Each structure stands twice: as C-alpha cells, then as structure tokens.
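Let's take a walk through this protein together. Keep the sequence beside the 3D view, and turn the view as you read.

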Amino acid sequence: ATVGWEKLLNRKGTTWRKLDAAIQDCTVDAASAKAVMLANPSTIKRPVIQWTATRVTVGFTPSEWA
C-alpha cells in the first residue's frame, strides 16, 4: 500500500511477458494486481526494502543504495 501496485508489479520481467494477454489486460487495479502477484510471485519487483515506517523502496537504484 505504501508504494502502490503500479510500482510493485514488474511489467518488464520474463514472467509478466509470458502471462496470457487477457491476464495482462485485466490487471488494472490493486485487487487484480494482487491476484497476479500472489499467483506469480516473480512478478513482484525486487528488492522491496522497508527502511523506516514511512520509507519503502522497490527495485534497485544505485543512487538510493549509496
């Protein structure tokens, strides 16, 4: 909820590209994205790090890890 499903769902990965086009087209909100991510955990962009109660990062950005 902190980062939003759009940022958490990895639409560039191999698993996403292998999903049926109908599933991809129906992934339009938090509920449908959650269902896809639960069924296919590798569609979750990683790493997901909770630094503080309010700061969460998704994915690897070298400047954020410096």
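In the protein chain, 39% of the contacts with a separation of 6 or more are made by residues 24 or more positions apart. Bear in mind as you look around that this is a predicted model.

Which elements can you trace along the way? The protein chain has 5 helices and 2 strands. Starting at the N terminus, you pass through them in the order α-α-α-α-β-β-α. Of the 66 residues in the protein chain, 23% count as buried.

Let's begin with helix H3, which covers residues 21-26. Ile23 sits in this helix, and it counts as partly exposed because its relative accessible area is 38%, a value between the limits of 20% and 50%. If you look from Ile23 to Val3, you go back 20 residues along the chain, and the two C-alpha atoms are separated by 22 Å.

Move on into the loop between H3 and helix H4 (30-39), where you will find Thr27. Is Thr27 buried or exposed? Its relative accessibility is 4%, so Thr27 counts as buried, the limit being under 20%. Which residues does Thr27 touch, not counting those up to four places away in sequence? They are Trp5, Leu9, Arg11, Trp16, Ser32, Ala33 and Val36.

Val28 lies in the loop between H3 and H4 too. Here the relative accessible area is 59%, so Val28 is exposed, with the cut-off for that label set at over 50%. Thr2 is 26 residues from Val28 in sequence, and their C-alpha atoms are 18 Å apart in space.

Now follow the chain past H4. The loop between H4 and E1 holds Pro47, and a cis peptide bond joins this proline to Arg46, with omega at about -5 degrees.

Next come the two strands, E1 (48-50) and E2 (56-58), with Trp51 in the loop between them. Trp51 has a relative accessibility of 38%, so it counts as partly exposed. Together with Phe60 and Trp65, Trp51 forms a nonpolar patch on the surface, and the three residues share about 340 Å² of accessible area.

Arg55 also belongs to the loop between E1 and E2. What are its contacts, leaving aside neighbours within four places in sequence? Arg55 is in contact with Ile49, Gln50 and Glu64. Because its relative accessible area is 39%, Arg55 is partly exposed. From Arg55 to Ala30 there are 25 residues along the chain, and the C-alpha atoms are separated by 20 Å.

Finally, step back and take in the surface of the protein chain. Its accessible surface comes to about 4700 Å², and carbon and sulfur atoms account for 58% of that. There are 9 positive and 5 negative charges in the protein chain, and the mean positions of the two sets are 9 Å apart.

Technical notes. Residues numbered from 1 in each chain as written. Predicted model: local features only at pLDDT ≥ 70, side-chain atom pairs only at ≥ 80, totals over all residues. Heavy atoms only, no water. Helix = DSSP H or I, 4+ residues; strand = E, 2+ residues; numbered from the N terminus. Buried < 20%, exposed > 50% of the residue type's maximum accessible area, 1.4 Å probe, protein only. Contact = heavy atoms within 4.5 Å. Areas by Shrake-Rupley, 256 points an atom, 1.4 Å probe, with all protein chains shown as cover. Lys, Arg positive; Asp, Glu negative; His and termini not counted. Charge placed at Lys NZ, Arg CZ, Asp CG, Glu CD. Patch = residues over 30% accessible without salt bridge, like charges linked within 9 Å, V, L, I, M, F, W, Y side chains within 5 Å. Salt bridge = Lys/Arg side-chain N within 4 Å of Asp/Glu carboxyl O.
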